[in-house]
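Today I am looking up side-chain contacts, starting with the structure below.

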Amino acid sequence: MGDAQRGARARPPAPGRDPGLQPERTRLAWRRTTLSCTVVALLAGRRLLRSTAPFAVDVALAALVALLWLTFVAVSHRRVRALATGCPPGLPAGIALLLAGCTVTLAVFGAAIVVS
């Protein structure tokens with residue numbers, strides 16, 4: 001069941017907007033990416049718990065991973081909610097760069113976890 005069907009009131013699409021499956025595919029893509037980020041953040045946290053690095057380094061890395069994850073989840077949630085409107089606003093360039101940075105950083109953490 002899609003998010004629009006779960007809500008009490010689904011808004012009609014804006015004039016000129018295709019009401020097809022594209023918004024649903026985009027919503028699912030945001031959710032898949034958020035799930036991937038969550039898995040990497042959890043694996044990084046598990047790795048930090050087993051780390052032999054100094055405590056301050058572990059805390060700093062855990063805080064960085066948590067901040068990246070929370071940033072991505074917050075923006076993702078806003079984008080998914082915006083898709084429910086008839087005509088969601090475009091993603092500002094600054095936010096897009098921020099999300100790309102979060103994704104790349106979490107990918108590096110994921111690669112480091114796999115390699116070590």
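This is a predicted model: local features need pLDDT of at least 70, side-chain atom pairs count only at pLDDT 80 or more; totals for chains, interfaces and linings use all residues.

Is Trp-30 buried or exposed? I looked it up: Trp-30 counts as buried, because its relative accessibility is 16% (buried means under 20% relative accessible area, exposed over 50%, partly exposed in between, with a 1.4 Å probe and protein chains only).

Residues are numbered from 1 along each chain as its sequence is written, and side-chain values use heavy atoms, leaving out hydrogens and water.

Next I searched the whole structure for aromatic pairs and found one. Trp-30 and Phe-72 make up this tilted pair, at 6.0 Å centre to centre with 45° between the planes (rings of Phe, Tyr and Trp, the latter by its six-membered ring, pair if their centres lie within 6.5 Å; planes under 30 degrees apart are stacked, over 60 edge-to-face, the rest tilted). The pair links distant parts of the chain, 42 residues apart: Trp-30 sits in helix H2 (residues 22–49) and Phe-72 in helix H3 (residues 55–83). Helices here are DSSP runs (H or I, at least four residues), numbered from the N terminus. I also checked Phe-72, which is buried at 3% relative accessible area.

Then I turned to charges and found one salt bridge (a side-chain nitrogen of Lys or Arg within 4 Å of a carboxyl oxygen of Asp or Glu). Arg-27 pairs with Glu-24, their closest N and O atoms being 3.2 Å apart. The two are three residues apart in helix H2, so about one helical turn separates them. Arg-27 is buried at 8% relative accessibility, whereas Glu-24 is partly exposed at 26% relative accessible area.
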